[in-house]
Amino acid sequence: MSKINVCILYGGKSAEHEVSLLSATNVVRSLDKEKYNIILTGIDKDGKWYLKSTPDELTHPDQLSLEDLTGASEVTLLPERKYLMKVHSPEEKINIDVVLPIMHGPHGEDGSMQGYLEIIDLPYVGCNVLGAAIGMDKDVMKRLLRDAGLPIGKFEVIHKHDQNTTTYKDMVSSLGEPMFIKPANLGSSVGVSKVTNAQEFEDALEKAFEFDTKAICEEFILGREVECAVLGNNNPQASTIGEIITNPGHDFYSYEAKYMDETGALLVIPAEVEPEKMVELQGLAIEVFKCLELRGLARVDFFLTAEGRILINEPNTLPGFTNISMYPRLWQASGKSYTQLLDELIALAIEDHYSKQQIKHSS
């Protein structure tokens, strides 16, 4: 049986560019080289695409450096052709069977790349356009969860054009203090601030609006941070539950705690929760997955209070795949190796694409 040509897209214009490099490196190291031809395609911060992979890099993935695209060939992915074409040597074409977009944040997991791949008619790992867009926009996502009757914390939305008409006093009356402020369309804790006074409120909004035109203000919830990984299309399955215990040196699970400080947080897998609470969390994770029309994979984050109350924090439709990321580690603890997990994700992508092909597009 011939190998499957897997195009790994990584990098991109998002503020989460560097996180993508870490995730993609780990994916390359874990993919079964006997099953897949790996086609590394790096997207720089200006949005240009480059063919990165060389035989030497893939033979020695421990030496893989994805950041440097010097000397790589600029390429483009053409609609309905299903191959990468070198911009300066258009006769050179690289066939693609499935795309693994390891791109976090806007232009990667917000539905825009998914829409492009739909137009090209290529299978791709992860959520479709709708699910990706919903999962990225925390405002729309929270409204859908709330309207479905699922348990979430209190939140408010501030648009940039309304920044000067919303006061800290207004937010405190609605959410209490302290509170968290973050960009509505970003992840990896980029642009997130904990706010305890009016000046911090103004500074946090300025920071959030560097990355988005819409900010989310959330109530502070005192509780354990627990997470569940979900995998599947029509019949999703949930992993065991993990817990994040942030180092006291960090005020919350910030970008620095996640990626810059090796001791920034302790991941406890499986989390120490009662069996019935574990089942409840797993069931709620699948409810979130279905409610938001997600596909392929997601990590669903919760708060678990001392009273045993569960509140949904948010889903992440393209969670980190670094060597310390919760999503692959949850599945490893549930009996799926990193390599097996990638095999299933690619199979789900091909299955979902085949299903779409059965839909009529004309009368």
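**Values and definitions**

Colleague: What makes the radius of gyration agree with that of a compact globule?

Modeller: The radius is taken over C-alpha atoms, and the globule rule is 2.2 Å times the number of residues to the power 0.38. With 363 residues the rule gives a value near 21 Å, and the protein has 21 Å, so the two agree. This is a predicted model, in which local features need pLDDT of at least 70 and side-chain atom pairs count only at pLDDT 80 or more, while totals for chains, interfaces and linings use all residues. Residues are numbered from 1 along each chain as its sequence is written, and side-chain values use heavy atoms, without hydrogens and water.

Colleague: What share of the residues counts as buried?

Modeller: Buried means under 20% relative accessible area, with a 1.4 Å probe and protein chains only. By that test, 55% of the 363 residues are buried.

Colleague: Why do strands E14 and E16 count as edges?

Modeller: Strands are DSSP runs (E, at least two residues), and two of them pair if DSSP finds at least two bridges between them. The open, antiparallel sheet runs E14-E13-E12-E15-E16. E14 (265-268) and E16 (310-316) each have a single partner strand, so one side of each lacks a neighbour in the sheet.

Colleague: How do you know that E13 and E14 pair?

Modeller: E13 (residues 237-246) and E14 share four bridges in the antiparallel sense, against the required at least two. Ile-245 has Leu-266 of E14 as its bridge partner.

Conventions:
Buried < 20%, exposed > 50% of the residue type's maximum accessible area, 1.4 Å probe, protein only.
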